[in-house]
Each structure stands twice: as C-alpha cells, then as structure tokens.
Amino acid sequence: MKRNLCLGLTLLGASVCCGEIFAQPCIIAPGKSCSGGSNGPTLSGPMIQPQLMAQTQKSCTVPGNWTSLAGAKVTVKPDLSGTFDASYCPSPHKLAITLQGTNSFRVRLTWTGAPGDCQSSTVDMAFTTADCNTAQGPYRNDDGTSGTEVWTRSLLQLSLTRQNLMTFSARGAPVGGSFTHSSTKLRGTNIAGVKRATGVAATDNPNTANLTNPANPNANGAPAPGGLVRITSTYTTRDGKIDKSFSVPAFGLSCYYNALEAEWGTPPDACKPVTIRGTRYSGAVTNPNGLAGTYCNSFIAQVRLQGSGLTRNNRKIQYRRDLGKIFVVNEILGADLTPVIAGKTVARDRLIIPKNVLVDIDRVGSGLIANDTGGPNDITGYRIDLFKGAGSAVCKNFNNIISVAACNPGNTKCPGSNL
Amino acid sequence: MRVILPVSIGAALLVAAMLPLKVIAESELVKILYVKDNELFIGSDSGGQARQITSDGVVKFLPAWSKDGSRIAFIERVDGGRALGNLVVINEEGQLLSSVLFRRAEDWAGGMRFIESLEWLDRDRIALSGSANPSLTETAIVDLSTRTEEGGIFDDGPGANFSPDGKHFAYTSGSPHFTPESSRRPTLNVDHVSVFPKEGVHVRLMSDRYWSPDSSRLAVIFEDFSTRRQSLVVWGSGGRTAATALPTPAGSESDLSWSDGDVLITFDHEALRVVKGSRNVERLAASKAALSPLDLARAERGRLLEIAKGYGGRDLDFWCQACALNALPRKVSTNGN
C-alpha cells in the first residue's frame with residue numbers, strides 16, 4: 001500500500017501530496033512515506049535529566065504519553081526512548097529523544113518496517129504552553145519532505161453521569177482503558193454496593209454500573225440502619241489511572257401508623273381491651289378529653305399514647321398533651337408542623353435529612369416528604385420510618401428493606417442524585 | 001397479666017443435638033455466644049474452636065446469656081406471621097428449658113412492631129422490646145415460671161430501663177407522636193408512677209436514664225423548657241426525687257455514670273461530680289472521670305467484638321463471671337447496641 005506524504009499545500013480546497021493533487025486533505029505527518037524510505041539512524045543520546053524549561057521557566061518533562069497532530073500515540077519512557085504509533089504505518093516507529101537546551105528536544109523516529117511503508121524522520125520540538133502539555137516544531141522526513149508537528153500530552157479524563165437513582169455511567173478518555181467500581185463505607189452500618197451493569201465489560205466505554213441495596217441483616221426482619229458509602233469509579237489506561245467518587249446514602253426502612261378506631265371494636269359493648277402503662281382500658285367512654293361522642297376506651301387510650309388517630313367516620317383527631325384534650329383537625333401535623341400524608345411522610349433524623357427536603361428511596365417512592373421525626377434514640381442515623389396511615393393493616397407485610405436514597409436538596413450526609 | 005399459651009410441640013424438638021467440639025475451660029473467662037447459619041454457637045475470648053449447641057435449622061436471633069451465665073434466651077422466628085416470635089430458653093448444652101409464643105398476631109395493634117431487644121431481668125423474667133412508632137417503644141415482661149406477660153410498658157423513647165436487680169423500671173411518657181415540642185410534657189415514671197416533674201411543668205429530657213449499680217437510685221438530666229436551666233434529677237427507691245441544678249449545660253455528647261454513690265456527668269473537656277446526699281457539684285478534669293464502669297465495659301465489649309469477628313457469626317453476646325462487662329445490662333438488640 002502506497003502512502004502519501006503531504007506537503008501541506010492546499011489548492012482550492014485540495015491537498016498536494018507527493019506531487020499528486022487530492023480532493024480531500026491529506027495527512028501531514030512525520031515518518032510517512034511517499035515512495036520508498038530509508039531507515040535513518042537512531043539518535044539515542046546520553047542519559048541526561050529529562051526535564052526542560054518551558055517559556056514560563058516551569059520545569060517540563062518529556063516522558064509520558066502524547067498524541068501527535070495526526071493522531072499517533074506517542075510513548076516516551078523515562079530513559080527518553082519510546083514508540084510512535086501512527087495509524088498510517090503498519091507498525092510503530094522507534095523513538096529516541098535528545099534534549100536541546102532548556103525548552104526544546106529533538107525526536108528521532110526510526111522506521112524498522114518494510115521500506116516504502118513508512119520512513120524515518122527527525123522532529124525538533126519546543127514546549128509551547130506553560131503547562132508543558134503541548135510541544136510543537138518542524139519535522140523533516142529522511143526523504144527530505146517536511147512539515148510541522150504538534151504533540152499534545154494525553155491527559156486522562158473520567159466523567160460520571162447518574163442515569164437514575166440506581167444507575168450511573170462512567171466515561172473515560174482517551175479510549176482504550178478499563179473501568180472498575182468500588183465502595184467504601186463512610187458512615188453507618190449497612191451500605192450500598194456497586195457492580196457493573198449486566199452485560200457490561202470492564203473495557204466498555206462508557207461503562208454503566210448499578211448500585212445495589214444492602215440486605216437487612218436482622219433475621220426477624222426488624223428494622224436495621226443503613227449507611228453512607230463512597231462509590232469510586234477508576235479508569236485505567238496505558239497513561240495511568242484516574243478515579244472519581246460520589247456518595248450514596250442507604251436508609252433502613254420501617255412502616256408506622258396511627259390509631260384506627262375500627263381496630264379497637266365497637267362501642268359500647270364490643271370494645272377490645274388494652275393495657276397501657278399498667279392501666280387496663282375496656283368498655284366505652286363518652287366525650288373523652290373533650291371529643292364529642294362515644295368511643296371504645298382502648299381507642300382513646302391509643303390516641304393519647306400515639307398522639308393521633310382516625311375515627312370511624314374518617315375524622316382525623318389529634319391529642320394535645322399540654323391541654324389534655326383531643327381535637328378534630330383538618331390535617332394531622334408532623335414534627336415539622338406540616339401535614340403528614342400517608343405514603344409520603346417519612347420520619348427521619350434531622351441531622352441527616354434537615355427540614356424542607358424531599359427524599360427518593362429505591363423500591364419505595366420518590367418525592368417523599370421528610371416532615372416527621374422520632375425520639376432521640378429511635379430514628380437516628382440512616383433510618384427512615386414511612387407513615388402509611390391509620391391502623392395496623394396499612395403496614396402489614398411491609399418489608400423493612402434497606403434502600404438507596406437521594407435527598408433533594410442534597411447535603412453531605414444525604415447527597416442528591418445529581419453528580 | 002396475659003396468659004401465654006403453651007408453644008406447639010414443634011418447639012419441643014428444639015432439644016438440640018449436642019455437638020461437643022470443645023469444653024470451655026474455667027480459665028477462659030469470657031464466653032462468646034453467636035448465631036451462625038441459624039444455629040447457636042459458644043466460643044471464647046481465647047479464640048478457640050466454638051461449640052455448636054443447636055442444630056434444628058430454625059431461624060434464631062437475639063441470643064443472650066442469663067445473668068449467671070448458665071442459660072441462654074433467644075427468639076425463634078415464627079413463620080406465617082402468627083406471632084412476633086417464640087421466646088426460647090436453653091442451657092449451655094442446648095437442652096430446652098422454656099419456650100413461649102410471644103405476641104400473637106391478633107395482639108399486635110398499637111404495640112411493638114417487632115422484637116428489637118431482649119434483656120434478662122432476673123432468673124425467671126425476660127423483657128422484650130420493640131418500637132411502636134418512630135418515638136414510642138413498648139416493653140413486655142415475660143415471666144418464664146408463670147408463662148405470663150406484662151405488656152404495655154410504653155416509653156416515649158428507646159424503651160424502658162430496668163434496674164440491675166430487675167425489680168424496677170423507668171420510662172418517659174407525655175410526648176405522644178405527632179406532637180409539637182411546645183405541646184409535649186415529658187414525664188419520668190418509675191414502676192408506672194410519675195416521679196418528675198410536677199404536673200404542668202414543661203421539661204425536656206437531656207440524657208439517658210442511668211440506674212445506680214445497687215438499683216436504689218436513678219439519674220437523669222432534665223432541662224426546664226422555659227429557662228433552659230438543667231438539673232440532675234435523682235430518684236431514690238424510697239420514692240423521693242431530688243433535683244440538683246447544673247452549672248454547665250449537658251449536651252448530646254455528655255455521659256452519665258455512677259461512682260461510689262456519686263453521679264459523674266462527663267463532657268468533652270470536663271466532668272461534674274454530683275455528690276451523694278447533698279446538692280454539691282464539683283468540677284473535675286475530664287480525665288478523672290474517663291474510666292467509669294460503663295466506659296470500661298464499652299471498651300471491653302469493643303475488644304471482644306474484634307475477637308469475635310474470627311467466628312464469623314452474628315447477634316453476638318458475651319458473658320464473664322467478673323469483668324467490666326457486668327456494668328452493662330444483660331441486653332441484646334437488633335441494632336447491635
């Protein structure tokens with residue numbers, strides 16, 4: 001296959017390569033052969049400090065990975081040898097560098113493949129940016145053709161995107177690397193895990209991964225605390241590795257309810273008794289604590305104990321301990337003094353989820369309202385109690401799972417799902 | 001009192017096959033009890049090979065040594081939701097001593113949702129606790145000898161505290177759920193009797209409740225809701241309650257303990273000693289109060305938890321004849337505390 005060396009001339013949109021005019025631009029590149037080629041000598045000078053001074057007097061180093069103007073992968077080892085791997089050549093050139101003064105270096109590319117495929121070349125480069133990540137200079141192929149070469153240091157890049165509560169994607173650059181994902185406990189007990197999505201290989205780029213919910217360790221399914229985890233994605237290439245992290249909370253769930261009149265029998269003769277704090281409540285009571293009507297004593301005791309309830313005719317009632325009275329209310333207020341909503345209100349630790357925050361919880365729901373709380377030792381840390389309404393039946397068969405969650409707005413202890 | 005029905009014949013099959021792999025030597029002071037693959041094992045702090053004491057495959061949790069270390073109580077899971085659990089007591093050889101079905105499904109309403117802790121009170125009584133809602137916890141006392149249950153001991157907090165001799169219990173009432181702070185009236189109760197504050201006075205509970213080692217006194221810090229002044233309140237078994245004003249407000253990080261009849265309140269940088277029988281409050285360097293019996297017990301428990309990792313089990317409990325651990329209640333819970 002004949003390879004054309006571009007002269008870098010463009011005539012009315014066409015390129016002139018090796019004396020021929022092409023409608024499409026042709027590649028300007030060192031080491032590329034027009035016809036034939038020669039194996040030039042390798043300039044592997046003596047080992048000296050592989051550092052150069054850029055124009056800003058910053059100390060620049062040549063070793064590392066670079067990309068040439070034409071997309072060749074350039075690898076420079078600490079001893080200033082290396083390879084120049086261009087797609088227009090069937091195999092890489094050998095590379096040797098000689099430092100020139102404080103800001104420049106000479107590159108000798110040696111072609112060892114079949115004559116005519118590519119050729120050897122010499123490039124005189126100088127650092128052109130203060131960050132030492134760009135070098136530029138003239139090249140001269142051994143057949144006398146020449147042009148300008150630019151090298152850009154290959155910088156590893158990794159970006160993370162959260163698709164949804166349980167899925168995120170890592171994208172790495174330059175391409176050709178592989179991904180790993182790991183988790184590290186930051187707080188709490190039971191934390192989320194991470195694994196690559198089904199069918200995704202380590203080298204797939206972008207690399208999709210799923211968060212996994214921890215199992216409830218309690219053998220009887222009693223509520224268990226969750227925790228905060230740092231998820232780290234690492235992208236590894238020939239240039240090295242780079243990682244990025246984000247934090248994910250998981251909350252241990254439970255379900256709670258308030259008193260339901262129908263659950264305590266029918267007054268006056270069919271009331272179900274209950275013993276609370278050493279006192280047995282049975283039979284019926286009329287106008288208890290200022291609440292008009294006749295009720296089972298046990299139901300009223302439950303309202304006083306649990307603070308609120310729902311009557312047989314769907315009236316919401318709330319007990320005021322300071323006044324010793326039970327009131328009919330339009331809405332039952334949670335600890336944050338806003339109405340509680342069955343299936344939406346959650347009780348939480350305000351140190352983890354402050355006021356005016358909505359919570360998304362995997363397998364439970366999104367936009368849950370954190371407007372209730374619990375005792376100082378009950379709902380603490382990464383625990384959430386979901387209010388489901390009145391009567392024990394609403395929580396029947398509720399699984400006390402531990403689930404990945406996100407807060408909106410997020411904070412350091414309960415981050416949001418945006419990365 | 002509620003009479004507990006005898007457990008089904010199936011539970012009697014719990015009489016487990018002994019699998020004696022090693023006999024715990026007298027010199028091994030700390031016995032380690034744990035669950036692995038649904039069976040109970042006994043190891044030791046020497047890290048030697050553990051001995052399996054059950055082998056029936058039934059899911060077990062919350063195993064706890066009795067106070068004298070001769071018996072083990074635990075809960076068996078009851079399938080089908082018929083009850084919150086089956087309270088079982090065995091000896092060290094795995095022989096069944098007692099089994100009672102606890103809290104049948106029809107008795108659930110308004111009470112504990114799960115069994116979340118188990119505590120030995122004395123030779124024949126065991127307390128089982130679980131939360132009813134985010135701020136309310138019910139405790140029930142099961143009497144193994146009479147097969148009866150006293151339930152309905154509700155605490156507006158993590159559950160009733162029992163005195164070391166198991167004869168008294170304390171809890172807080174007056175803070176029903178869905179009640180704003182201004183409407184609450186927290187009240188300390190001992191043995192179902194309100195002891196602090198007087199009716200109508202609004203206080204806030206600022207510490208856990210701590211029993212003295214001889215079970216004769218109970219200490220807790222309260223804050224006056226209006227003045228924000230804090231007091232150490234000590235209840236005595238004679239029924240008298242005394243409040244001592246504190247010069248330094250206690251915070252969430254403060255810790256109470258008993259020392260020779262005095263109460264130590266430890267803060268970050270200092271400690272207060274409330275002298276027994278007087279209203280005197282002495283300031284101490286925090287380092288002087290650092291080695292309370294509770295601190296030592298927690299440190300010892302931490303050491304044992306590390307050792308027990310080698311066994312790979314869950315639901316750990318430790319027992320020793322005479323060591324720092326004895327300052328802690330014989331209580332196990334599902335949250336690992």
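Predicted model: local features only at pLDDT ≥ 70, side-chain atom pairs only at ≥ 80, totals over all residues.
I began with β14 (residues 169-173) and β15 (residues 187-190) of chain B, which run antiparallel and are joined by 4 bridges. I took strands as DSSP runs (E, at least two residues; helices are H or I, at least four), numbered from the N terminus, and called two strands paired if DSSP finds at least two bridges between them.

Residues are numbered from 1 along each chain as its sequence is written, while chains are lettered from A and ligands numbered from 1 in the order in which they are written.

Which residue of β15(B) is the bridge partner of Tyr171(B)? I found Asn189(B).

Next I looked at the whole sheet: it is open, with 4 strands of chain B in the order β13-β14-β15-β16 and antiparallel pairing. Its edge strands, β13 (161-162) and β16 (193-196) of chain B, each pair on one side only.

Then I turned to the contact between the chains (C-beta atoms, placed from the backbone, within 7 Å). Chain A puts in 43 residues and chain B 40. On the side of chain B that touches chain A, β5 (60-65), β10 (125-133), β11 (136-143) and β12 (148-155) each supply at least two residues. Of the strands, β12(B) gives the most, with 4 residues.

Last, I checked chain A: the domain assignment, automatic or from a database, gives domain 1 (38-153) and domain 2 (157-250). Their C-alpha centres lie 39 Å apart.

Terms used
Contact = placed C-beta atoms within 7 Å.
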